[in-house]
Amino acid sequence: MASYFEARRSELSLFCYIANDLVIITLWLIPIINGQTELISVLIGPVLLLINDIYGSYNWSILKKKQKEKGIRE
């Protein structure tokens with residue numbers, strides 16, 4: 001779904017990626033909570049992707065505001 005929205009250049013793509021990252025983080029947290037602490041290093045990747053997607057969403061909204069102020073069409 002995120003790829004579809006991305007192809008359509010929609011802001012919703014970033015929210016789909018954020019939701020995907022949260023699911024992946026949750027799935028990796030389950031075994032870590034159950035005692036497999038050696039998997040903590042695997043969790044770093046999805047956490048970084050989540051941070052990147054949150055920043056992308058924030059930056060998208062700022063650019064959208066600037067374009068709206070200048071009268072540039074979406």
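Select Gly 71 to begin: this residue follows helix 3, and its phi is positive, near 80°. Helices here (H or I, at least four residues) and strands (E, at least two) are DSSP runs, numbered from the N terminus. A glycine with positive phi also stands just after helix 2, where Gly 35 takes a value of about 110°. The model is a predicted one, in which local features need pLDDT of at least 70 and side-chain atom pairs count only at pLDDT 80 or more, while totals for chains, interfaces and linings use all residues. Residues are numbered from 1 along each chain as its sequence is written, and side-chain values use heavy atoms, with hydrogens and water left out.

**The whole chain**

The protein has three helices and zero strands, in the order α-α-α along the sequence. Its radius of gyration, taken over C-alpha atoms, is 16 Å, well over the 11 Å that the globule rule gives for 74 residues, so the protein is more spread out than a compact globule; the rule is 2.2 Å times the number of residues to the power 0.38. Along the principal axes, the C-alpha atoms fill a box of roughly 55 × 20 × 10 Å.

Colour by accessibility, and 22% of the 74 residues count as buried. Buried means under 20% relative accessible area, exposed over 50%, and partly exposed in between (1.4 Å probe, protein chains only).

**Helix 2**

Select residues 12-33, which form helix 2. At 1.5 Å a residue, its 22 residues should span 32 Å, and the end C-alpha atoms are 31 Å apart, which agrees; the expected span is 1.5 Å times one less than the number of residues. Which residues of helix 2 are buried? They are Ser 13, Leu 14, Cys 16, Ile 18, Asp 21, Ile 25 and Ile 32. These buried residues pack against helix 1 and helix 3.

**Helix 3**

Move to residues 40-70, the extent of helix 3. Its 31 residues should span 45 Å at 1.5 Å a residue, and its end C-alpha atoms lie 46 Å apart, which agrees. Leu 43, Pro 46, Leu 50, Asp 53 and Ser 57 are buried in this helix, and the buried residues of helix 3 pack against helix 2.

Within helix 3, pick Ser 57, which counts as buried at 11% relative accessibility. Leaving aside neighbours within four places in sequence, Ser 57 is in contact (heavy atoms within 4.5 Å) with Leu 14, Phe 15 and Ile 18.

**The nonpolar core**

Show side chains for Ile 18, Ile 25, Ile 32, Leu 39, Leu 43 and Leu 50, the six residues of the largest nonpolar core. Helix 2 and helix 3 each supply at least two residues of this core, and the largest share, three residues, comes from helix 2. A nonpolar core is a set of buried Ala, Val, Leu, Ile, Met, Phe, Trp, Tyr and Cys residues joined through side-chain atoms within 4.5 Å. In soluble globular proteins, nonpolar side chains tend to be buried together.

Centre on Ile 32: apart from neighbours within four places in sequence, this residue is in contact with Leu 39, Ile 40 and Leu 43. Of these, Ile 40 is partly exposed, with a relative accessible area of 44%. Ile 40 and Leu 29 are 11 residues apart in sequence and 8.2 Å apart in space, C-alpha to C-alpha.

**The loops and the salt bridge**

Select Glu 38 in the loop between helix 2 and helix 3; this residue is exposed, with a relative accessible area of 58%.

Then go to the loop between helix 1 (2-7) and helix 2, where Arg 9 is found. Phi of Arg 9 is near 55°, a positive value in a residue other than glycine, and Arg 9 is exposed at 73% relative accessible area.

Which residue forms a salt bridge with Lys 64? The partner is Glu 11, the closest N and O atoms being 3.2 Å apart. The pair links distant parts of the chain, with Lys 64 in helix 3 and Glu 11 in the loop between helix 1 and helix 2, 53 residues apart. A salt bridge is a side-chain nitrogen of Lys or Arg within 4 Å of a carboxyl oxygen of Asp or Glu, and by this rule the count comes to one. Lys 64 is partly exposed, with a relative accessible area of 33%.
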